[in-house]
Amino acid sequence: MWQAEVKNLDGLSQHFYQSLLGARLDEDFDSIQLKTLVDFKDNREIPEHFDSRTHWLKCDSINHVRDQANCGSCWAVAAAEALTDRFCIASNGKIKTHLSMEDLLSCCNECGYGCNGGFLGRAWNYFKVHGIVSGGDFDSHEGCKPYSIMPCDSFGNSTLKKCRFLELEDTPSCSPRCTNSKHINSFTNDHHKGINHIIL
């Protein structure tokens with residue numbers, strides 16, 4: 001079973017980590033737009049242990065951890081990954097499309113400030129109203145818009161460039177077409193939207 005651990009943060013500045021913590025609170029929007037869909041006052045027993053990876057075995061995306069690289073895009077990465085998982089779970093494993101964190105990060109103007117942070121509630125709403133296309137990790141050639149920001153090493157345990165020596169990345173520009181030339185679907189046909197509370 002996975003357990004959280006404390007990484008060695010020696011030599012990493014507080015400014016470095018704060019620049020990557022991009023999720024911002026938007027109390028006015030969240031209180032209006034996000035509704036309570038499930039009433040948990042029915043005294044259901046909460047299991048002592050629950051592992052979504054084994055509960056939804058058909059959904060490999062639950063095991064996958066995406067890399068935001070040197071960009072404060074955690075809000076877009078988290079939204080795209082959660083939506084990917086919800087599609088898979090709601091379809092009982094039939095829909096396994098990875099949704100594009102790049103499309104959300106670069107094209108959702110109302111979501112916030114791109115690599116300088118954004119609002120998770122607005123990201124969910126953008127998905128519901130406009131939809132986002134498919135897209136995998138950097139250099140994965142997966143989906144319509146794979147992530148374009150190269151990963152870096154935050155903790156000094158790989159051969160990648162060290163994140164702390166790099167400037168925060170600029171937000172990629174919004175492209176109205178698929179950036180993966182190998183992708184078969186058109187940009188328009190590749191959009192996925194939340195249509196009901198099962199997905200969103």
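**Close-up views of the predicted model**

**View A. The disulfide between C59 and C88 is left-handed, because the torsion about its S-S bond is about -100 degrees.** Helices are DSSP runs of H or I with at least four residues, strands are runs of E with at least two, and both are numbered from the N terminus. From S to S, the bond joining C59 to C88 spans 2.1 Å; a disulfide is here a pair of cysteine sulfur atoms within 2.5 Å. Both C59 and C88 are buried, a term for under 20% relative accessible area, with exposed meaning over 50% and partly exposed the range in between (1.4 Å probe, protein chains only). The model shown is predicted, so local features need pLDDT of at least 70 and side-chain atom pairs count only at pLDDT 80 or more, whereas totals for chains, interfaces and linings use all residues. Residues are numbered from 1 along each chain as its sequence is written, and side-chain values use heavy atoms, without hydrogens or water.

**View B. A right-handed disulfide joins C107 to C174, with a torsion about the S-S bond of about 100 degrees.** C107 lies in helix 5 (residues 101–107) and C174 in the segment after helix 6, so this bond ties together parts that are 67 residues apart in sequence. The S to S distance between C107 and C174 is 2.1 Å. C107 is buried, at a relative accessible area of 11%, whereas C174 is partly exposed, at 42%.

**View C. C108 and C111 are joined by a disulfide with an S to S distance of 1.8 Å.** The torsion about the S-S bond of C108 and C111 is about 75 degrees, so this disulfide is right-handed. C108 and C111 are both buried. The whole structure contains five disulfides, as found by a search. For C74, by contrast, the closest cysteine sulfur is that of C71, and the distance of 8.9 Å is too far for a bond.

**View D. F87 and F127 form an edge-to-face aromatic pair, with 5.8 Å centre to centre and 90 degrees between the planes.** F87 lies in helix 4 (residues 74–90) and F127 in helix 6 (residues 120–129), so the pair ties together parts that are 40 residues apart in sequence. F87 and F127 are both buried. Rings of Phe, Tyr and Trp (its six-membered ring) pair if their centres lie within 6.5 Å; planes under 30 degrees apart count as stacked, over 60 as edge-to-face and the rest as tilted.

**View E. Y113 and F119 also form an edge-to-face aromatic pair, at 6.2 Å centre to centre and 65 degrees between the planes.** Y113 is partly exposed, with a relative accessible area of 48%, whereas F119 counts as buried at 14% relative accessibility. R122 lies over the face of F119, 5.8 Å from the ring centre. A charge sits over a ring if NZ of Lys or CZ of Arg is within 6 Å of the ring centre and within 35 degrees of the ring normal. In total, the structure holds three aromatic pairs.

**View F. E102, in helix 5, is buried at 7% relative accessibility.** Apart from its neighbours within four places in sequence, E102 is in contact (heavy atoms within 4.5 Å) with K145, P146, Y147, S148 and P172. E102 and S148 stand 46 residues apart in sequence, and their C-alpha atoms are 7.1 Å apart in space.

**View G. The protein chain has six helices and two strands.** Along the sequence, these elements of the protein chain follow the pattern α-β-α-α-α-α-β-α. Of the 200 residues in the protein chain, 38% are buried. Among contacts of the protein chain with a separation of 6 or more, 71% come from residues 24 or more positions apart.

**View H. The mean pLDDT of the protein chain is 82, and 75% of its residues reach 70 or more.** pLDDT is the predictor's confidence in each residue, from 0 to 100. In the protein chain, confidence is highest in helix 5, at 96, and lowest in helix 2 (residues 27–33), at a mean of 54. Over residues 196–200, pLDDT stays under 50, and the model has 15 contacts for these residues beyond four places in sequence. Where pLDDT is low, the predicted coordinates should not be read in detail.
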